[in-house]
Amino acid sequence: MTIIFENVTKVYGTKTVISDFNLSVEDKRVYQITGEAGTGKSTVLMIFLGEVKPDSGRLSRMGDYKYPTLQSAYVPQQSQFREKKSAVWHVKKAHRTVSTGRAIEELSFFLPEEKLKIPMSELTGSEKRCVEIVRALCVPADFIVLDEPFYSMDDNLQKRALSYVLDKQGSRPVLIATRNELPIKDSIIVRL
């Protein structure tokens, strides 16, 4: 399946954030939407997710698809957690098929055992981003959409998190909004 942005324009007030944006999103590919803050990266993702309507142009689907609606594994730019609940609780609540055991197994890629069941308020910003990534990728989805997922991570943690995402990708397309290009082989770079 291919999702196509055709001459998409989005204006907020008097500011044109995206103008005549074109992109074909295909299975098994990674797309890096790059640019400084305020260049429209998040807007592109929100249009892709159907959360924002373009002012002109359109988003269309081509090819075979099994379901009338498509689901995305989404990591928002600003995470929202219940600060008193644990990382395991958040991942388990992501989808009815996620057991406590699976949540612990997935989170253990990033967090030591002693941090799995403590309140989210006690985790660092980078650790919370990792929980957000694990939570999103535990949800059955047709696409993976990540908005600044590695922001505030050091290089080592960023590499581990990126490896985790690519390992979970399967045949799904991945869209990543990021300020700086990531070292992803054969990814498509879209500069805004």
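Two rings of Phe, Tyr or Trp count as an aromatic pair if their centres lie within 6.5 Å, and as edge-to-face if their planes are over 60 degrees apart. The views below come from a predicted model.

**View 1. Aromatic pairs around Phe110.** Searching the whole structure turns up six aromatic pairs. One of them joins Phe109 and Phe110, with ring centres 5.0 Å apart and an angle of 85° between the planes, so the pair is edge-to-face. The ring of Phe110 also pairs with Tyr164. Phe110 sits in the loop between helix 3 (100–107) and helix 4 (125–137), while Tyr164 belongs to helix 5 (residues 155–169). The pair therefore ties together parts that lie 54 residues apart in sequence. Which of these residues are buried? Phe110 is, at 10% relative accessible area, and Tyr164 is, at 5%. Phe109 has 33% relative accessibility and so counts as partly exposed. Phe109 also has a charged group over its ring: Arg160 lies over the face, 5.2 Å from the ring centre.

**View 2. A cluster of four phenylalanines.** Ring pairs connect Phe5, Phe21, Phe48 and Phe143 into a cluster. Phe48 is one of the buried residues of helix 1 (residues 41–49). Phe143 is a buried residue of strand 6.

**View 3. Helix 1 and its end.** The buried residues of helix 1 are Lys41, Thr43, Val44, Leu45, Ile47 and Phe48. An α-helix has 3.6 residues a turn, so residues three or four places apart point the same way. Within this buried set, Val44 and Phe48 can be picked out along the helix. Gly50 follows helix 1 and has a positive phi, near 85°.

View 4. Five strands make an open sheet in the order 5-6-7-3-8, and their pairing is parallel. Strand 5 (72–75) and strand 8 (188–191) are at the edges. Each has a single partner strand, so one side of each is left without a neighbour in the sheet. From one strand to the next, the twist averages 15°. Strand 3 (residues 30–34) pairs with strand 7 (residues 174–178) over five parallel bridges. Within that pairing, Gln32 has Ile176 of strand 7 as its bridge partner.

**View 5. Strand 6, covered on both faces.** How many of the five residues of strand 6 are buried? Five of five are, so the strand is mostly covered, given that buried means under 20% relative accessible area. In a regular strand the side chains alternate between the two faces of the sheet. On one side of strand 6 are Phe143, Val145 and Asp147, and on the other are Ile144 and Leu146. Strand 6 pairs with strand 5 in the parallel sense over four bridges. Ser72 stands opposite Phe143 of strand 6. Strand 6 and strand 7 are also joined in parallel, over four bridges. There, Asp147 stands opposite Ala177 of strand 7.

View 6. Helix 1 lies across strand 3, strand 5, strand 6 (143–147) and strand 7. Its direction is at about 150° to strand 6. Helix 5 lies across strand 3, strand 6 and strand 7, and runs at about 160° to strand 6.

View 7. A separate view shows an open sheet of three strands in the order 2-1-4, with antiparallel pairing. Strand 2 (15–26) and strand 4 are the edge strands, and each pairs on one side only. Neighbouring strands are turned by 15° against each other on average, direction ignored. Strand 1 (residues 2–12) and strand 4 run antiparallel and are joined by six bridges. Ile3 stands opposite Arg61 of strand 4. Helix 1 packs on this sheet and touches strand 1, strand 2 and strand 4. The direction of helix 1 makes about 125° with that of strand 1.

View 8. Ser60 is part of strand 4 (residues 56–62). Is Ser60 buried or exposed? With a relative accessible area of 13%, Ser60 is buried. Its side chain makes a polar contact of 3.1 Å with the side chain of Glu6. Leaving out residues up to four places away in sequence, Ser60 touches Thr2, Ile3, Ile4 and Glu6.

Terms used: Residues are numbered from 1 along each chain as its sequence is written. This is a predicted model: local features need pLDDT of at least 70, side-chain atom pairs count only at pLDDT 80 or more; totals for chains, interfaces and linings use all residues. Side-chain values use heavy atoms; hydrogens and water are left out. Rings of Phe, Tyr and Trp (its six-membered ring) pair if their centres lie within 6.5 Å; planes under 30 degrees apart count as stacked, over 60 as edge-to-face and the rest as tilted. Buried means under 20% relative accessible area, exposed over 50%, partly exposed in between (1.4 Å probe, protein chains only). Helices (H or I, at least four residues) and strands (E, at least two) are DSSP runs, numbered from the N terminus. A charge sits over a ring if NZ of Lys or CZ of Arg is within 6 Å of the ring centre and within 35 degrees of the ring normal. Two strands pair if DSSP finds at least two bridges between them. Axes are lines fitted to C-alpha atoms, for helices over the stretch in contact, and angles run from 0 to 180 degrees between N-to-C directions. Contact means heavy atoms within 4.5 Å. A polar contact is a pair of N or O atoms within 3.5 Å; within protein, one must be able to donate a hydrogen and the other to accept it, and residues adjacent in sequence count only if both atoms are side-chain atoms.
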